[in-house]
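Dear colleague,

Please find below the structure that I am handing over to you. I would ask you to look through it before reading the notes that come after it.

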Amino acid sequence: MASASNAMADKTPEFGPEWAKRQAAARGEKTPVSFMGWVRLWTRTLMLALGLLVAVPLHHVYRVISYGSPFPKWFLGYAAWVVGARVKRHGVPLRRDVFFIANHVSWVDILTLAGASGTAFVAKAELKASPLVGWLASLNRTVFVQREDRLGVAAQINALREALMDNWSVTVFPEGTTTDGHSLLPFKSSMLSVLEPPPPGVLVQPVVLDYGAVAEWIGWIGEEGGLNNYKRVMARKGTFPLGVHFLEPFSPEAYRGRKAIAAEARARIVETLEREMGHGLRPFDHDVAPIRYSKAKLPPVADTSI
């Protein structure tokens, strides 16, 4: 796996001199930020703050006269642009009575998907403690789940069911964590318990987030802390393309239970992700204890980088 990663570093000039920093970040080491990096980081943070000063008051005023405020969607789409994402949307997202199932690479996913569709989210509880991003996610009606809290599963499912019954669109990341954009972890079907049985009229729409060549730099993986990832992404030079593919929706009623629904959504995501990347998925190179994923338990993979 290390040889595959090094091969990508060689083939992608953008990763060349920065690759060692990226690997160190995944090990939990703090990433040094250059002077111009700090300038970009604080400029972008200031732009987000100014956007908040406009959007938050308007959001609360709007909520006095109407239930559905457009300002969280507007601001989160603006935030994705400030971070550097240049989003290209493929397909048409359903607006209501829909359960989006997406792959997960970064906290930027939340900004992007909310800006593109206005969706609410199911996200891991750790995100709530992240600076700024956690608060923004709360503003957009995110349902935070604790992966280890087995006793709280019923309450979390009820919160999701209420959101769907309220005609929201809701997004779940069934991998349970973020990856490097070139891998796809097994889907945890427990995240789809709200669809067993599905609320009346609700459809499932798979979504693919394709960061292209910058996926591994943007991805929040390994032992990296949330603050360090935020600094790395915000200090990054330039912009990056981000393809958001809203695939054909399907009725969960046509499948027998959450495991079958998860398998169907994952198959569709894999097909599109591999087509856009131009190569097959590769095993994720980091252990993820909360979801019991271990790279050491995977069968050996031949090195095809030569």
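The notes below set out what was found, beginning with the overall picture.

This is a predicted model, in which local features need pLDDT of at least 70 and side-chain atom pairs count only at pLDDT 80 or more, while totals for chains, interfaces and linings use all residues. Residues are numbered from 1 along each chain as its sequence is written, and side-chain values use heavy atoms, with hydrogens and water left out.

Overall picture

The protein has 10 helices and 7 strands; these are DSSP runs numbered from the N terminus, where helices are H or I with at least four residues and strands are E with at least two. Of its 306 residues, 50% count as buried. Buried means under 20% relative accessible area, exposed means over 50%, and partly exposed lies in between, with a 1.4 Å probe and protein chains only. Of the contacts between residues at least 6 apart in sequence, 73% join residues at least 24 apart, a contact being heavy atoms within 4.5 Å.

In helix H2 (residues 19–26), the buried residues are Trp19, Arg22, Ala24, Ala25 and Ala26. Glycine 28 follows H2 and has a positive phi, near 100 degrees.

Helix H3 (residues 35–65) packs against helix H4 (residues 71–83) at an angle of about 175 degrees, with the axes 9 Å apart. The axes are lines fitted to C-alpha atoms, for helices over the stretch in contact, and the angles run from 0 to 180 degrees between N-to-C directions. H3 and H4 are therefore roughly antiparallel to each other, a term for angles over 145 degrees. Residues of H3 that take part include Arg44, Leu48 and Tyr62, and those of H4 include Phe71, Trp74 and Phe75.

Tyrosine 62, in helix H3, is partly exposed, with a relative accessible area of 29%. Not counting residues up to four places away in sequence, tyrosine 62 touches Gly68, Ser69, Pro70 and Phe71.

Aromatic rings

Rings of Phe, Tyr and Trp (its six-membered ring) pair if their centres lie within 6.5 Å; planes under 30 degrees apart count as stacked, over 60 as edge-to-face and the rest as tilted. By this rule the count is 8 aromatic pairs. One of them joins tyrosine 62 and phenylalanine 71, edge-to-face, at 6.1 Å centre to centre and 75 degrees between the planes. The ring centres of phenylalanine 250 and tyrosine 255 are 5.2 Å apart and the planes lie at 70 degrees, so this pair is edge-to-face. Phenylalanine 250 is buried, at 5% relative accessibility, whereas tyrosine 255 is partly exposed, at 25%. Trp74, Phe75 and Tyr78 are linked into a cluster by ring pairs.

The charged end of arginine 232 sits over the ring of tryptophan 217, 4.6 Å from its centre. This wording requires NZ of Lys or CZ of Arg within 6 Å of the ring centre and within 35 degrees of the ring normal.

Threonine 171

Threonine 171 belongs to strand S5 (residues 169–172) and is buried, at 0% relative accessibility. Its side chain makes a polar contact with the side chain of threonine 119, at 2.9 Å. A polar contact is a pair of N or O atoms within 3.5 Å; within protein, one must be able to donate a hydrogen and the other to accept it, and residues adjacent in sequence count only if both atoms are side-chain atoms.

Yours sincerely

Conventions
Parallel < 35°, antiparallel > 145°, perpendicular 65-115°, else oblique.
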